[in-house]
Amino acid sequence: MTPYSDELRSLLLSRIRDVPDYPKPGVLFKDITPLLADPEAFGALTDVLAELCRERGATKVVGLEARGFILAAPVAVRAGVGFVPVRKAGKLPGATLSQAYELEYGSAEIEIHAEDLTPEDRVLVIDDVLATGGTAEASLRLIRRSGARVAGVAVLMELSFLPGRIRLEPTLEGAPLDVLITV
């Protein structure tokens, strides 16, 4: 399968389960656990993201809590680069950099270890879903505050009915946004 091929998209999409009314009535949750349980689909996803990592010249991969960890860690191994978790505030020991951001109904904060990124790093952010874009936007700000450069953002799936892309584009500052599936 080639990156972005219809065959790849079909495979990945066939392994994403729709769960109606989760986590609350009216929401159609996109569950990626069947994809993760299928070694062919998970391997194909890891391969295409690792190739993007190499194409973008990334030296580190950032995975956004929590499903972004599951996707990004094997990509980092496959691409031969470091993995850095972006966690919710208060989850990392030691010195951290933090970034607050606004949610639809409130605010949140994410952190990385202060020493995990350097000015020599080019960082590819990986997550499962681009929805409202708040966490991805905050992660880009956090990466730049660390002194590292943004190589791009790669997501398994974009929810096109939500404003994530519109919110994220100014913060990308020209870095690429790669989306494998748009729903």
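Biologist: Happy to start. What should I keep in mind about the model itself?

Modeller: This is a predicted model, where local features need pLDDT of at least 70, side-chain atom pairs count only at pLDDT 80 or more, and totals for chains, interfaces and linings use all residues. Residues are numbered from 1 along each chain as its sequence is written, and side-chain values use heavy atoms, with hydrogens and water left out.

Biologist: Thanks. How do I describe two packed helices?

Modeller: Two packed helices are described by the angle between their axes and the distance between the axes. Helices here are DSSP runs of H or I with at least four residues, strands are runs of E with at least two, and both are numbered from the N terminus. Axes are lines fitted to C-alpha atoms, for helices over the stretch in contact, and angles run from 0 to 180 degrees between N-to-C directions.

Biologist: At what angle do α1 and α3 pack?

Modeller: The angle between α1 (residues 6–14) and α3 (residues 39–55) is about 130 degrees, and their axes are 10 Å apart. The two helices are therefore oblique to each other. As for the cut-offs, angles under 35 degrees count as roughly parallel, over 145 as roughly antiparallel, 65 to 115 as roughly perpendicular and the rest as oblique.

Biologist: And which residues make the contact?

Modeller: From α1 they are L8, L11 and L12; from α3 they are E40, A41, A44, L45 and V48. Contact means heavy atoms within 4.5 Å. By class, the residues of this contact are seven nonpolar, no polar and one charged. Ala, Val, Leu, Ile, Met, Phe, Trp, Tyr, Cys and Pro count as nonpolar, Asp, Glu, Lys and Arg as charged, and the others, Gly among them, as polar.

Biologist: Is the crossing of α3 and α4 left-handed or right-handed?

Modeller: A crossing is left-handed if the near helix is turned anticlockwise from the far one by less than a right angle, and right-handed if clockwise. The α3 and α4 crossing is right-handed, whereas α1 passes α3 in a left-handed crossing. The axes of α3 and α4 come within 8 Å and cross at roughly 60 degrees, which makes α3 oblique to α4. Residues of α3 including F42, L45, L49 and C53 meet residues of α4, among them I70, L71, P74 and V75. That contact divides into ten nonpolar, two polar and three charged residues.

Biologist: How are α5 and α6 arranged, parallel or antiparallel?

Modeller: Their axes come within 8 Å and cross at roughly 10 degrees, so α5 is roughly parallel to α6. G134, A136, E137, L140, R141 and R144 of α5 make the contact with R167, L168, T171 and L172 of α6. Its residues are four nonpolar, two polar and four charged.

Biologist: Now, how do I read a buried face?

Modeller: An α-helix has 3.6 residues a turn, so residues three or four places apart point the same way. Buried means under 20% relative accessible area, exposed over 50%, and partly exposed in between (1.4 Å probe, protein chains only).

Biologist: Which residues of α6 are buried?

Modeller: In α6 (residues 164–172), G164, L168, T171 and L172 are buried. Seen down the axis of α6, they fall within an arc of 100 degrees, so they line one face of the helix. The arc is that of the directions from the helix axis to the C-beta atoms. On the other side of α6, I166 and P170 are exposed. The buried residues pack against β7 (122–130), α5 (134–145), β8 (149–158) and β9 (177–182). Just after α6, E173 takes a positive phi of about 50 degrees.

Biologist: What covers the buried residues of α1?

Modeller: L8, L11 and L12 are the buried ones in α1. They fall within an arc of 95 degrees seen down the axis, so they line one face of α1. Their cover includes α2 (33–37), α3, β8 and β9.

Biologist: Let us finish with single residues. Is P20 buried or exposed?

Modeller: P20 is exposed, with a relative accessible area of 56%. P20 lies in strand β1 (residues 17–20). Leaving aside neighbours within four places in sequence, P20 is in contact with V27 and L28.

Biologist: And where is A108?

Modeller: A108 lies in strand β6 (residues 106–113) and is partly exposed, at 23% relative accessible area. Not counting residues up to four places away in sequence, A108 touches Q99, A100, Y101 and L103.
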